[in-house]
Amino acid sequence: EAKSLGYQTYDLRIQKLFHYGNSLFDQKRFKECLHIQRKILLIQPENARALKNAAFLYLKFQRPITALKLLDKAIEDDQEFLEAKVLKAFSLASLRRFTSAAELLSEVMQNSNTGFHKDYAQELQNSINQYQKPFEKK
């Protein structure tokens, strides 16, 4: 049940904030976009999409620890959130926690038949493998 917020409901306000955030992102106004995602999280702290979006932006600002905390919360609420798992693996790799990142990517690839998640996970897995074994010949 949506609560009344003046003339708008929470759901409508959240939808408008997401739309505005997407517009800012498309314009490469990332700090402002992050502000909007954080505003959404003030209204709905468990919103998995806003958690994932904010985490992505924190990664863009090279803050993987902050991103990791948000992604853990998003995944805790939705165990099947593959996009969040891929971003979490990227965060872990950014922190040089390659084994954990590789395990998470392996899980994503097993649970995703096709599409972005599987392709990106495979690409990231290959990068991690190359980084872990820089002196091995291909």
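1. Basis of the values. Because the model is predicted, local features need pLDDT of at least 70 and side-chain atom pairs count only at pLDDT 80 or more, while totals for chains, interfaces and linings use all residues. Residues are numbered from 1 along each chain as its sequence is written, and side-chain values use heavy atoms, with hydrogens and water left out.

2. Overall make-up. The protein has seven helices and two strands, in the order β-β-α-α-α-α-α-α-α along the sequence; helices (H or I, at least four residues) and strands (E, at least two) are DSSP runs, numbered from the N terminus. Of the 138 residues, 38% are buried, where buried means under 20% relative accessible area, exposed over 50%, and partly exposed in between (1.4 Å probe, protein chains only). The accessible surface comes to about 9,000 Å², and 49% of this belongs to carbon and sulfur atoms; the areas come from the Shrake-Rupley method with a 1.4 Å probe, and for residues only the protein chains shown count as cover. Among contacts (heavy atoms within 4.5 Å) between residues at least 6 apart in sequence, 44% join residues at least 24 apart.

3. Serine 91 belongs to helix α5, which covers residues 82-94, and counts as buried because its relative accessibility is 0%. With neighbours within four places in sequence left aside, serine 91 is in contact with Leu59, Pro64, Ala67, Leu68 and Leu71. Lysine 85 is also placed in helix α5 and, at 5% relative accessibility, is likewise buried. Not counting residues up to four places away in sequence, lysine 85 touches Ile75, Gln79, Leu104, Glu107 and Val108.

4. Salt bridges. The structure holds five salt bridges, each defined as a side-chain nitrogen of Lys or Arg within 4 Å of a carboxyl oxygen of Asp or Glu. One of them joins the side chains of arginine 29 and glutamate 32, with an N to O distance of 2.6 Å; arginine 29 is partly exposed at 30% relative accessible area, as is glutamate 32 at 35%.

5. Bridges between distant parts of the chain. Glutamate 46 and lysine 73 meet through their side chains at 3.6 Å, N to O. This pair links distant parts of the chain, 27 residues apart, with glutamate 46 in the loop between α2 (30-43) and α3 (48-60) and lysine 73 in helix α4. Glutamate 46 is partly exposed at 45%, and lysine 73 is partly exposed at 30%. In a further salt bridge, the closest N and O atoms of lysine 52 and glutamate 83 are 3.3 Å apart. Lysine 52 lies in helix α3 and glutamate 83 in helix α5, so this pair ties together parts that are 31 residues apart in sequence. Here lysine 52 is buried at 13% relative accessible area, whereas glutamate 83 is partly exposed at 31%.

6. A negative surface patch. Glu76, Asp77, Asp78 and Glu80 form a negative surface patch. Patches are made of residues with over 30% relative accessible area and no salt bridge, like charges being joined within 9 Å and nonpolar side chains (Val, Leu, Ile, Met, Phe, Trp, Tyr) within 5 Å. Lys and Arg count as positive and Asp and Glu as negative, while His and the chain ends are not counted; the place of a charge is taken as NZ of Lys, CZ of Arg, CG of Asp or CD of Glu.
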